[in-house]
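Reader: Can you put the model up and take me through it? I have a few questions.

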Amino acid sequence: MIKEITDTESLLKEFEAKIDSEIKIEPRDWMPEEYRAHLIRQISQHAHSEVIGMQPEGNWISRAPSLRSKKILLAKIQDEGGHGLYLYSAAETLGVSRDEFIQWLHQGKAKYSSVFNYPTLNWADIGAIGWLVDGAAITNQVSLQRTSYGPYARAMVRICKEESFHQRQGYEIMWRMMEGTKEQKAMAQDALNRWWWPALMMFGPHDNDSPRTSLAMKWKIKRETNDNLRQKFIDKTIPQAELIGLKIPDAALTLNADGTYSHGEINWEEFNQVIKGNGPCNQQRLEHHIRAHEEGEWVRKTAEVAAIKHKKK
């Protein structure tokens, strides 16, 4: 028993030395169970978010205002599906199968980003999602390119490049609407009003209220805290809004002498309610995913049979 403890301590020291030296942890390397569990939760939640996030936008493919808009939206939704696949593949290297990840999602044991439980009421919402939601995502994901787990970091490189396109696509929609009619300008402002606060919630609770943050920072799974990332997003997004004539829906917003912004308090009760499954579209999103998964079972089985036949040749 003493030898076993000593061996574990030695392995932990070697693991932490790699982390401190910026050497990536790879799937076959020894890692503490807490590190593995944190990654399983974080990467699978990230993957679920990419896939569930296709739903609010997919609802507008047939109603896009132009052929160009439709092509861009289709490309974006396809990208999100690809991001989910990259991330499920990275998560599988931790010893959990994709089927298990999806089962946990359907059983309510796994979460996805709360922002996708809000409805898309009109075309301006597609702009707000691209600009704000993907903008918040890329703020977080740029630092994840340097996360300590190799497969996750490598997946994030391509994802960040594509998310950058998504953010610009959303901003273009908002910019064009703000150059349009009075009604279009009102739609753009209304979309910003509804999506601003959910976008800020995407970064998670304040650092003091986030029990996993300290360990994630210590092991460099996360490279920046929730509050720092949220502040970066706010500071870069407000000038973008002002440039096209949009007003941030925060009466407490103040420009500081150093160029940063102080903002009002987020409604954390709303955030917690959505996380618990009480958001406007929680049930709809999950039921849609379960139905699509069940209806697609024949495709997966056909692919498995084809793969077996190909192996035998």
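Author: What follows is a walk through a predicted model, starting with its cores.

Reader: Fine. How many residues are in the largest nonpolar core, and which have the most contacts inside it?

Author: That core has 47 residues. L132, W195, W196 and L246 have the most contacts inside it.

Reader: Which helices supply at least two residues each?

Author: α4 (67-92), α6 (123-144), α7 (150-178), α8 (182-201), α10 (226-243) and α11 (268-278) each do.

Reader: And what lies apart from that core?

Author: Another core, of 28 residues. M31, L87, Y88 and A91 are among them.

Reader: Back to W196. What does W196 touch?

Author: Leaving out residues up to four places away in sequence, W196 touches L132, F233, I234, T237, I238, I248 and P249. L132 is also one of the residues with the most contacts inside the largest core.

Reader: Now α8. Where does α8 bend, and by how much?

Author: At W195, by about 35°. A proline, P198, follows within four residues.

Reader: What end-to-end span should α8 have, and what does the model give?

Author: At 1.5 Å a residue, the 20 residues of α8 should span 28 Å. The end C-alpha atoms of α8 are 30 Å apart, which agrees.

Reader: Which residues of α8 are buried?

Author: A188, Q189, A191, L192, W195, W196, W197, P198, A199, L200 and M201. What covers the buried residues of α8 includes α6, α7, α10 and α11.

Reader: Let's take α6, then. How many of its residues are buried?

Author: 20 of the 22 residues of α6 are buried, so α6 is largely enclosed by the rest of the structure.

Reader: Where's the bend in α6?

Author: At I129, and the angle is about 30°. As for length, the 22 residues of α6 should span 32 Å at 1.5 Å a residue, and the end C-alpha atoms are 31 Å apart, which agrees.

Reader: What does W131 touch?

Author: Not counting residues up to four places away in sequence, the list is Q167, G170, Y171, M174, L192, T237, Q240, A241 and L246. Take Y171: W131 and Y171 are 40 residues apart in sequence, and their C-alpha atoms are 4.8 Å apart in space.

Reader: What is E57 in contact with?

Author: Beyond its neighbours within four places in sequence, E57 is in contact with L73, K76, I77, E80, I126, I129 and D134. I129 is where α6 bends.

Reader: What lines the largest cavity?

Author: I19, E22, I23, K24, R146, T147, S148, K220 and R223 line it.

Reader: What stands out in the phi of E22?

Author: E22 has a positive phi of about 65° although it is not a glycine. E22 sits in the loop between α1 (2-20) and α2 and is partly exposed, with a relative accessible area of 45%.

Reader: And the phi of K220?

Author: K220 has a positive phi of about 60°, and K220 is not a glycine either. K220 is in the loop between α9 and α10, and K220 is buried, with a relative accessible area of 18%.

Reader: How much space lies in the largest pocket?

Author: About 1,200 Å³. The pocket is lined by 50 residues, and the closest to its centre are R41, Q45, M202, F203 and G204.

Reader: Which helices each supply at least two residues of that lining?

Author: α2 (33-52), α4, α6, α7, α9 (213-218), α10 and α11.

Reader: Last one, I290. Where is I290?

Author: I290 is in α12, residues 282-295. I290 is partly exposed, with a relative accessible area of 24%. I290 and A137 are 153 residues apart in sequence and 25 Å apart in space, C-alpha to C-alpha.

Conventions: Residues numbered from 1 in each chain as written. Predicted model: local features only at pLDDT ≥ 70, side-chain atom pairs only at ≥ 80, totals over all residues. Heavy atoms only, no water. Core = buried A, V, L, I, M, F, W, Y, C linked by side-chain atoms within 4.5 Å. Buried < 20%, exposed > 50% of the residue type's maximum accessible area, 1.4 Å probe, protein only. Contact = heavy atoms within 4.5 Å. Expected span 1.5 Å × (residues − 1). Bend = angle between axes of the 7 residues up to and from the residue. 1 Å grid on protein atoms, 1.4 Å probe; cavity = no way out; pocket = protein on both sides within 12 Å on 5 of 7 lines; lining within 4 Å. Points joined across faces, edges and corners; volume = space filled by probe spheres on them.
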